[in-house]
Amino acid sequence: MARRTFRIAVAAALALMSASAGALAEDILSLPNLSYRSGPFASTGAPLMNGQRDYMAMINERDGGINGVKLGYEECETGYSLLKGVECFERTKATGIVTQPWSTAIALQLLSRSNADRIPILTPGYGFSAVSDGQIFKWAFNLPASYWDGVSMILRYVSDGNLEALRGKKIVLLHLDAPYGEDPIPLLRSLADRHGFAFVPIPVGIKEMQNQSAQWQRIGVENPDLVLLWGWGTMNAGAITEAVKVGFPMDRFIGIWWSGHDGDLKGVGEAAKGYRSLSWSAPVSDSRAMQDIKKYVLDPKRTEIGEGEFDWVFYQRGVLISMFTVEAIRVAQEHFDGRIVSAEQLRWGLENLKLDEARLAEIGVTEMIAPFATSCEDHTGHSGAWMLEWDGSKFVKQSELLQADQAVIVSLVEAEAKKYAEANRPWAVNDGCAP
């Protein structure tokens, strides 16, 4: 594993940093990524990292970077370890203009550090949902949608837009026993109280991910109307396998976007047909961006993705995540009239993204993600999402674009953001939005 990881790192370095012979160090932007190609979640981490790396490699090869500046995508392996994640941040912060922790637990540890060190922390579709509040979380971004957005969209979907239809029903949250799995609980409890449905959280420890017989016995006793899956890595495959084994109906089983990985479902195949996962991204392999990745990165063998991975939800989601960074750099370059972007300038770019339909078409990712925009006050953008359904061999769109009810989320965001700032004094809030 170590030798293969080394080969990947070398290939990535060659593909991403191959500048002309006279290129200078200042012509490369350092973009650290706290990756995990090893550890208990490696099977899900690898395609996400591959997609991110390959999009930046494509931009470097096709365009020569962004306005002549190469993208220095740099992985620091954490194995999903909190301690290693903090070590990677400290190791890369001197030159990096952004950090991606790739774990809600690591993200929580880095919130105060990135705030003090004035480095943007990017947690796309994960992390603490309250970082939507850009006035308090000046340096943190969880675009394009938060877990609380996900809760709202799923419940609106199953209730046809009327959460009162859930009154008297029972909803189980089968979740990883970690900050990631716990993040949706406050909103689910609030909505349960408001709309009169029973809410039962059932945690799964890391050592239980592959054998969830105890949790599914509990689900059998509870006999819920709906099971929400907030799983990760082998926990997803374990949950779906166990659901099939006990005969739990797939039409009553819905996962968040990190529980919709092709690799997790491949082993279950036809038996999992009908399982659904909410997703703010959708695979479109014939899109222009994906075909350019094929042309400039895959065909010249500048990647080590696995067989079939190109078409997977997670690989293409990784592509979109790098697109966010690339577009933020473009915005910052234009606004500050310069090629080399600092961490503070990139923060401005991340909070001034406008990815409307026209821009998404120019990038070549139409239908892969819904339009959204960020602002100084809103560090999420709330793009909306689709329900994807497993057809026995792949995920396909099963719904129109869904939107979260921000009216029920905003008060929780404000309350939790203020609580965090109070508990972590002194905390530097936004001192006004730049023009």
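A residue counts as buried when its relative accessible area is under 20%, as exposed when it is over 50%, and as partly exposed in between, with a 1.4 Å probe and protein chains only. By this definition Trp216 is buried, at 4% relative accessibility. The structure is a predicted model, in which local features need pLDDT of at least 70 and side-chain atom pairs count only at pLDDT 80 or more, while totals for chains, interfaces and linings use all residues. Residues are numbered from 1 along each chain as its sequence is written, and side-chain values use heavy atoms, with hydrogens and water left out.

Rings of Phe, Tyr and Trp (for Trp, the six-membered ring) pair if their centres lie within 6.5 Å; planes under 30 degrees apart are called stacked, over 60 edge-to-face, and the rest tilted. The count by this rule is 26 aromatic pairs. Helices and strands are DSSP runs numbered from the N terminus, helices being H or I of at least four residues and strands E of at least two. In these terms Tyr36 lies in the loop between strand 1 (28–33) and helix 2 (42–63), and Tyr80 in the loop between strand 2 (70–75) and helix 3 (82–92), so the pair links distant parts of the chain, 44 residues apart. Both Tyr36 and Tyr80 are buried.

The pair made by Trp216 is with Phe253: the ring centres are 5.6 Å apart and the planes stand at 80°, so this pair is edge-to-face. Because Trp216 is in helix 8 (residues 213–222) and Phe253 in strand 8 (residues 253–255), the pair ties together parts that are 37 residues apart in sequence. Phe253 has a relative accessible area of 0% and therefore is buried.

Ring pairs also build a cluster from Tyr36, Phe41, Tyr80, Trp102, Tyr126, Trp232, Trp258 and Phe314.

Next come the strands. Strand 5 (residues 170–176) is mostly covered, with six of its seven residues buried. Two strands pair if DSSP finds at least two bridges between them. Strand 5 runs parallel to strand 6 (residues 198–204), joined by seven bridges, and Val172 stands opposite Val200 there. Strand 5 also pairs in the parallel sense with strand 7 (residues 226–230), over five bridges, with Leu174 opposite Leu229.

Two arginines sit over tryptophan rings. A charge counts as over a ring if NZ of Lys or CZ of Arg is within 6 Å of the ring centre and within 35 degrees of the ring normal. Arg317 lies over the face of Trp280, 5.3 Å from the ring centre, and the charged end of Arg347 is over Trp139, 5.0 Å from the centre of its ring.

Some backbone features remain. The peptide bond between Leu143 and Pro144 is cis, with omega about 5°; Pro144 is in the loop between strand 4 (140–141) and helix 5 (147–158). Another cis bond runs from Arg425 to Pro426, with omega near -5°, and Pro426 lies in the segment after helix 15 (406–423). Asn223, which is not glycine, has a positive phi near 50°. Asn223 is in the loop between helix 8 and strand 7 and is exposed, with a relative accessible area of 53%. Lys301 likewise has a positive phi, about 60°; this lysine is in the loop between helix 11 (288–298) and helix 12 (313–336) and is exposed at 72%.
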